[in-house]
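Dear colleague,

Please find the structure below, handed over for your records. My notes on what was found in it follow directly after.

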Amino acid sequence: MMQSQVVTEPRDIAGLYRDLSLFPSLSRADVGPVVTSQYGGKYSNIYTEWSQRDLDRNENVKFCRQYTVFHDETSVVYSAASGNCTEIKGEVQSKDSPSGEMKAVVRECSVKGEDKQFLEIWSKNMKMRSINLTALKKHGKVYEDDQFGCLVWSHSETHLLYVAERKRPKAESFFQSESPELSSIGDEEETMRVEKKETVKGEQFVFYEDWGEALVGKSCPVLCVLDIEGDNVSVLEGVPEDISPGQAFWAPGDTGVVFVGWWHEPFRMGLKYCPNRRSSLFYVDLTGGKCEQLTSGTSAVCSPRLSPDQCRIVYLECSVYGPHMQCSRLCMYDWYTKKTSVVVDVVKRPGEDGFAGIYSSQLSPQCWSADSQRVIVACPQRSRKDLLMVNTSTGSVISLTSGTDVGSWCLLNIQRDVMVVSCSSPNCPPSLRVGFLPASDSQEKVIWVTLEDSQTMSEIDWQILTFTPPPEQDNSQYPGLDFEALLIKPKEVPHAVKLPLVVIPHGGPHSVFVADWLLSSSVLCKMGFAILLVNYRGSLGYGQDSILSLPGNVGTQDVKDVQFAVESVLKGDLFDMQKVAVSGGSHGGFLGCHLIGQYPGFYKACVARNPVTNLASMIGSTDIPDWCMVEAGYDYGTDCLPDPALWEEMLNKSPIKHVAQVQTPVLLTLGEDDKRVPNKQGIEYYRALKAKQVPVRILWYPGNNHSLSKVDAESDGFMNIAMWIIQNLYP
C-alpha cells in the first residue's frame, strides 16, 4: 500500500486556503422595476450583495454588483453585468422604495471618535435626507439582525419602518455631584434640563436580559417609524409590555403595522437558531394604537410575507419548545376574512413524491409569485437544498430543481416571477442565476440563465451515500428510518493509494449538511483528504419522525449512526483505516468527544469546536437551558427546578462520562463570547483529559461567539485543525 499524497507543509496549506477563500458568497439580490427602452425592449436591473473573506484585513468584506436583464413576459432575452463591484462600507441596512425611485440606508460611522447611526434617504443622484438617529435619542441602536431587524418602505413611499432598542433612562451614581447651572442659551439648555429630569440614580449596574447568542445587547426592541416629509421619528405605541416585536411590515393600505411578537416573560432565552419560541403575529393600528393578536399564540411563528395583491400573509409555524429546529407548517392568514389556514402541514415521513416537508426559519424577502397564488421556498430535502413551489390554494408542492446536478439552491428573491438564485455544490462555489417561474398551469421546466458563473473544480468528487441502521440500532418508537452522508474526495487517486478520512458530524443536532460549497471541506480535499459529512437520524430534511427519534437518545443513537457510516465507508478499499480523524462543532463536538470515548483508539485525532461535553453542567449557564432537557429526553417548562435524577440522566448522556477511555489527542477551539455552549464546557473536558495525560490543546478566540466565524478565528482555526490532524495521522 502506498502512502497517500497529502499536503503537509503549513505554507502550502495556507496557499490553498488563501486561494479558495477568495470565492465570495451571495447574501442578497433585489430586482428593480421594469424599464421599457426606446426600442420597446423591457429590462430590469438586478442589484446583488456578496460577502468575501479578506485575510489581510482580517474581515469579511461586503460588495455589490449590478446586472441588466432584458426579458419579455416569460424569458430572459439578454443579460450582462453593468459595471464592476463596489465595496460597501458602513451600511447597516438598505432598501429601495417599491417604485425604485428612492433608497433608504441605515449607516454607522464614527464622527469625531464617536459611533453614530444615521438614516439616509437617497433619490436619483443625491442624498436628500440624513437623520442623526443617535442625536435624536428617540431609541437605542437600530437592529440589523435577521431575527428582529427590518427596514421597510410604506406602500405610499412616505414612511419607513424599522426596529431599534428601546431608549433607556440615563443612569448616574448616587454620588454624582450636581453640575452648576449652564450659562448656554436656548435649545441646548432645554435638552440638558430634560435629560437631567430623566436621569435616574441607582440604575447604573442594572442587569438587562438579552436574547442570547448573536443577539447580545438586544433586549427590548421597539417599532420605529420615520415620516420622511416631516423628518420626524416616532416609536409606535400599543405593543404589549410582555412582547418583543420584530420582522415587521406595513399592513395593506398602510393602516398599521404587522409584526411577529415574542413573549419574553418569565425570562428571555436564546432566539438565534431557535424558531420554537412562543410567538404570534400582531397588528398595531396607526390611528388608535390598538394592538390585535392575529394568530393563536400557542405556537411559534416567523417570517411573515404579504402577497403582491395585499390580501394574504404566509408565515412559518412550529410548536413551542421540543427540538429547536423542526419540520414547519406553512400557514396563511387572509387579511379580509381574518381566517388562518394550514397550506402545508408537518410531514412525518417523505411520501411517494419524495417531498420531505418544509425546514426553514426564514423565507426569502419576497417569495410570492406575481399572481399571488404560489410561494417559493428554498429548503433541505434530504442532503440537497431545493426550490419548492407551493400552490397556496391546493397545498400541492412541486420541486423546481430536483434532478439537477446542483447540490444547493437558495432563493435570493422573486419579483414579477423573475427568480434570482444562488447555486453551489461541494465542488463549485456559489454562482448567480435568474429564471422565470413558469405559469401556474404550465408543465415547463425553469430555464436558468447564469449572470455570474463560478468555476467547477473537476478534481473534487462528491456523492451522497444512504445508510440503513443495522436491526439492533433501529429505533423501536420510530422504526425504519434511514440517514445519509456526503462523501467528498479527490477525484484522481493513484492506484494502490489509500486516502485518509476526516469524519464531520454536524451540530444542532437538528440541522443538516446540504451539498453546498464549504471552504474547509474543499481545502481538506485539495490537501488529499476524503471528508465524510454525516446526516445522522435527527437531521433536518428527512421528515419529522427522524427529528423526533433523537431526543432522549443523544450520546447513543447519533453516535452509533456516525460510527456505522464510517465503518461502512471504510469497507471499501479506498481508505486507510489507520488514518481516520473526527472533527465537529457544538453538537458535532459532543459527538466527536463521544466517539473517541466509546470507540477508543479508532480515531487518531479529534477536533472539537465549542463542544457540549456535559449537559448537566451546561444547563445553568447556557442561553438555551431547554435544549439540555429536551435532548436528554425530558419536557421543558420555565419553572423546571434542578432535579438529581435529571442531572444523572444528563451526565450519563454526556461525553465526559466516557473520558476515562479516551486515547485520542484532542484539539479544542473555543469562543470567548460563546453564550450558547459556554467555553467552560471545553475547559471542563480539557481538565479531565489533562488529568488522564491525554494530549490536549486549547485555542481561545477573543471576540468570537459560538460560530467562531470571524475571519481570524476561522482561518487560524482551520490551519491549526489541519496541522493537528496531520501531526496525529502522520506522526
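Which strands each supply at least two residues of the lining of the largest cavity? They are β20 (300-306) and β21 (312-318); strands (E, at least two residues) and helices (H or I, at least four) are DSSP runs, numbered from the N terminus.

This is a predicted model, in which local features need pLDDT of at least 70 and side-chain atom pairs count only at pLDDT 80 or more, while totals for chains, interfaces and linings use all residues. Residues are numbered from 1 along each chain as its sequence is written, and side-chain values use heavy atoms, with hydrogens and water left out.

**Cavity**

The structure holds 1 cavity of 30 Å³ or more, and the space in the largest cavity is about 80 Å³. Its lining comprises 14 residues, of which Pro275, Cys318, Gln326, Ser328 and Ser360 are the closest to the centre. By class, this lining has 9 nonpolar, 4 polar and 1 charged residues. A cavity here is a set of points on a 1 Å grid over the protein atoms alone where a 1.4 Å probe fits but cannot get out, and lining residues have an atom within 4 Å of a point. Points are joined across faces, edges and corners, and the volume is the space filled by probe spheres set on them. Nonpolar covers Ala, Val, Leu, Ile, Met, Phe, Trp, Tyr, Cys and Pro; charged covers Asp, Glu, Lys and Arg; the others, Gly among them, are polar.

**Helix packing**

Helix α6 (residues 557-570) packs against helix α7 (residues 587-598) at an angle of about 75°, with the axes 10 Å apart. Axes are lines fitted to C-alpha atoms over the stretch in contact, and angles run from 0 to 180 degrees between N-to-C directions. α6 is therefore roughly perpendicular to α7, a term for angles of 65 to 115 degrees. Asp558, Val559, Val562 and Gln563 of α6 meet His587, Phe590, Leu591, His594, Leu595 and Gln598 of α7, contact meaning heavy atoms within 4.5 Å. This contact has 5 nonpolar, 4 polar and 1 charged residues.

**Backbone features**

The peptide bond from Glu265 to Pro266 is cis, with omega near 0°; Pro266 lies in the loop between β17 (256-263) and β18 (279-285). Gly508 and Pro509 are also joined by a cis peptide bond, with omega about -5°. Pro509 is in the loop between β33 (499-505) and α4.

Yours sincerely

Notes:
On a 1 Å grid over the protein atoms alone, a cavity is a set of points where a 1.4 Å probe fits but cannot get out, and a pocket is an open set with protein on both sides within 12 Å along at least five of seven lines; lining residues have an atom within 4 Å of a point. Angles under 35 degrees count as roughly parallel, over 145 as roughly antiparallel, 65 to 115 as roughly perpendicular and the rest as oblique.
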